[in-house]
Structure formats: C-alpha cells, structure tokens
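This briefing concerns selected side-chain contacts and surface features of one protein chain. Please consult the sequence and the structure shown below while reading the points that follow.

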Amino acid sequence: MTATLKFVDVEQDFPSKRDADDRNRDFREIADRFAPPKAGEQAGRCSQCGVPYCSVHCPLHNHIPDWLRLTAEGRLREAYELSNSTSTMPEICGRICPQDRLCEGNCVIEFSGHGAVTIGSVEKYITDTAWEEGWVEPLVPGRARGQSVGVVGAGPAGLSAAEYLRVAGYDVHVYDRHDRAGGLLTYGIPGFKLEKPVVMRRVERLKAGGIVFHEGFEVGRDATLDELRERHDAILIATGVYKPRAIKAPGIGSAGVVDSLDFLIASNRKSFGDSVPEWDDGRLNAAGRDVVVVGGGDTAMDCVRTAIRQGAKSVKCLYRRDRANMPGSQREVANAEEEGVEFVWLSAPEAFDTAADGQVSGVRVTRMRLGAPDASGRRAPEPDPGNEMVLEADLVIKALGFDPEDLPTMFGAPELGVNRWGTLRVDNKSMMTSLDGVFAAGDIVRGASLVVWAIRDGRDVSDRMHAWLKAKARAQKVAA
C-alpha cells in the first residue's frame, strides 16, 4: 500500500498541546514534537498533487511533498537532507512560520475539506531528529577566496547569507548590536514559540564554521559604514526594522505605557538569566497587573501570551478591526484565548488616563466599525460614536508594528539611499544599495515581514554578492 494519499482515512492531527493551566506557568514550547509513528502517519496524508500549492506559497519553495513522502516511507535522513537543501533554519520555520497562511493554508486537501497536512509540525520533527541523530553536519567553508564580507545584523537574513557566503569560501564577519546573535529570533520571539537553545545551536554551528561574530557592536558608534567598507570587499545590511510605530493620543507618555520590543527583550533576557533592572523593578514585568496590549499582529500575540506567563492579573488585547481581519495568525489567537487573554475587537485607544503619580491607570477606548475598503481592499475601521468605554490598566503595551530606523544617520552614511518609507533602496536585480558593494536584504528592504521571507532574502542576496565578488576579483586580477 502506498505510504501517501491517506488523507481520506487518516484525520488531520497536530502534536498535542499541554493544558493551558500548565503551559501558563513557564516559557517552554506549548507542544512537543510528533512521536515517530504519528509524524509518518500525518506525512502520509499528503495527496502528492501535480501542482504543489504548498511549495508555491512557501517563500523558500521548499520541496514539501517530496520530504513528506520520504517521512511517510521512514526515510527520515533523506527527508532532512531535502528539507535542509532549501532552508538554513527548517526547524525554526517549522515552529514560527504562519503555516495557516502559507503552505498549510494552500494545501489541496484543505480545500477538499479533509484538513491540511500538518506540514510545520513534520518539518520541526524532521530537523529536531536530525540534530539528535547527528545528521546536521558542521559548516564546512569553501576554498578560501581571499575576500571578506561584513554582515550588519545577526537576524535570520544576515545569518542565512553569512552561511551561504562562508560555504562559498569567503571570510565572513557578522556585526550585531545585541550581546547575542539571532536578532528577533533571540530577543523578540518568546520561548513558548521558539525555545532559545534551538536558535543558539544554529549560531554555534556558524561560529564553529569560522564565521566571526562581533556582538555588542553598533555601526555608527564602533565604526562607521565607510570604515566597514574599508575592512571588507562587500557589505550586507540586514538590520531588520526596530523602530516602534507610535500611538498619538493624550496620556501616551504616562509611566507604564511601554513598547512591545522593550517588553519582549526584557522577558527573553530573564530567560537567559541576565540581570534586567527594568524587569526586577516592575517597569517591564506584568506580574499582578492589569495589562492592555494594543495591536493585532503576531507581536501583539507574543506580548499578551508573555504577560499571562508573567502572572498578570488580567490581559486584554485591543484591535481596531474584527477577528476575521486580524493580521496575526489565527492559531496564535486561539492559543491566547485558551490561556486566558480577552480580545476586545473593533476597539481603539482614544486616550490614556494617568494617576497622580504619573502612572497609567486606564485606557479610554473608542469602539470601531468597519467602513468602506481602504487602498489594500480591507474594510477601513472608523469610529462608532456613542460606544466609548474605559478599561483598567496599569501596564499598556504598544504593539502596532515596526518601521525602519534612520540608517543613513545612524551609520554616518548620508549617501545611503532610502525610499519614502525609510527602507533601503536596492536594485531589484542585484540587491545592491546606492553604495557600490553594499547590499541589503530582509525587513530593512521589504519592511516588517516574516522570518521565512528574511531567510529567502538572505539566500538570494548571497547569490548576488557571490557573483559581484567574483567579478570584482577578476577585475582586480586584470588590473594587476
């Protein structure tokens, strides 16, 4: 009997989640991985369709049906090698990709009413098993080319590019302002979605392969961009976007109104055992507090679920549209609801009440309704007069997304071109910025996006940089 095409007889299943009361007590991932028989059984549900929409809608175009078939047949090492051939971080994507919007959301058997193949859970299972079995091979540098590359930013785009460029034989130096590599994988995403050893083992593999990391290094403070250009034959800027979007409302400057990334970084640092004064004194700690999170994306979901685990008295999430129009993963919304988060749909903050001591004490909320579609086709929210209310809050977390920082000013490089949104301008074909030999990839080019797109951009830009560096070496040889 064939190992696949079992979707009619085998129901969709996910790894079992821990009970909400149990998982609210810690930052462990909420579900374990599949047991081997269950992984093969779920992989065997794949219909092996002629046009694999799962692969088409995966930014990395992973060979999903092929490694599902190999998993179903028990050929797990081959499944891992095929999965690893298109992604530098398959076990990370398996954990944090919004599969319900990408591969699984476009699975053919999902459309037929049988429930999508649980692709992300199988992907996680394959690579976690590979790490345990020793199938993940060390990073082996290619033949030395005598050229070096500087990568600014140790997030998924920068790390992916660094790996490919090292394999191609370049000396690679990664510069990051944080004291640990990984970017938002390390400091922005909570452990209940992505446990930190999963990220750190990837970083350690890159370090063991000869990639040099300069942690706690700020371009503009420790060296200008021009100085880095003098050190290296090419530069990649992969900083991501970190500037929080603002809320314009009275009382926004009250104590206790904080940015999402400050809140998440403090929590993640505590998980590493770091000293975090702002957490210890309660400024970035939700314990015992009435928490209101403003926003509807994945970062907002990370904040509400973190606040629950910190022991918040209550946690509410304000979002100006309804559930169907929420940009965050619906699975994350469901997890948050299970864990005790209250969603206040069609609501927006009008003002923040402040106590005599300057501490925020409440959020004045305007109820919204969905009006005519905006430029993107989504129905635009508009105030619904007469339905205002006040929510108690002594900690308000702003989670409205991120914009790019002013890199030309920060880096001391005013000639570095940006567009009207502040993201870096690159040539679509070469992925090079306005500065010769300076490339850019990831969110700093496309705006706040998904980790899987950053990995894809890192893969693509490494190819462009490799071609450019080879041409540069040939030109120098001719000139000599």
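In this predicted model, tyrosine 175 and phenylalanine 217 are both buried. The points below treat aromatic pairs, charges over rings, a surface patch and the cysteines.

**Aromatic pairs**

- The count of aromatic pairs comes to five.
- In one of these pairs, the ring centres of tyrosine 175 and phenylalanine 217 are 4.7 Å apart. Their planes stand at 55°, so the pair is classed as tilted, since a pair counts as edge-to-face over 60 degrees and as stacked under 30 degrees.
- Tyrosine 175 belongs to strand S2 (residues 171-176), whereas phenylalanine 217 is in the loop between strand S3 (212-215) and helix H12 (225-231). The pair therefore ties together parts that are 42 residues apart in sequence.
- Phenylalanine 439 and tryptophan 468 have ring centres 5.8 Å apart and planes at 75°, so this pair is edge-to-face.
- Phenylalanine 439 is part of strand S16 (residues 438-440) and tryptophan 468 is part of helix H19 (residues 451-479), so parts that are 29 residues apart in sequence are tied together by the pair.
- Phenylalanine 439 has a relative accessibility of 0% and therefore counts as buried.

**Charges over rings**

- Arginine 177 places its charged end over the ring of tyrosine 242, at 4.9 Å from the ring centre.
- The face of phenylalanine 192 has arginine 309 lying over it, 4.1 Å from the centre of the ring.

**A nonpolar surface patch**

- Three residues, Val51, Tyr53 and Val56, form a nonpolar patch on the surface. Together they have about 260 Å² of accessible area.
- Valine 56 lies in helix H3, which covers residues 53-56. Its relative accessibility is 47%, so valine 56 counts as partly exposed.

**Cysteines**

- A disulfide is a covalent bond between the sulfur atoms of two cysteines.
- How many disulfides does the count come to? The count comes to zero.
- Cysteine 46 counts as buried because its relative accessibility is 7%. Cysteine 107, at 10% relative accessibility, therefore counts as buried.

Technical notes:
Residues are numbered from 1 along each chain as its sequence is written. This is a predicted model: local features need pLDDT of at least 70, side-chain atom pairs count only at pLDDT 80 or more; totals for chains, interfaces and linings use all residues. Side-chain values use heavy atoms; hydrogens and water are left out. Rings of Phe, Tyr and Trp (its six-membered ring) pair if their centres lie within 6.5 Å; planes under 30 degrees apart count as stacked, over 60 as edge-to-face and the rest as tilted. Helices (H or I, at least four residues) and strands (E, at least two) are DSSP runs, numbered from the N terminus. Buried means under 20% relative accessible area, exposed over 50%, partly exposed in between (1.4 Å probe, protein chains only). A charge sits over a ring if NZ of Lys or CZ of Arg is within 6 Å of the ring centre and within 35 degrees of the ring normal. Patches are made of residues with over 30% relative accessible area and no salt bridge: like charges are joined within 9 Å, nonpolar side chains (Val, Leu, Ile, Met, Phe, Trp, Tyr) within 5 Å. Accessible areas come from the Shrake-Rupley method with a 1.4 Å probe; for residues, only the protein chains shown count as cover. A salt bridge is a side-chain nitrogen of Lys or Arg within 4 Å of a carboxyl oxygen of Asp or Glu. A disulfide is a pair of cysteine sulfur atoms within 2.5 Å.
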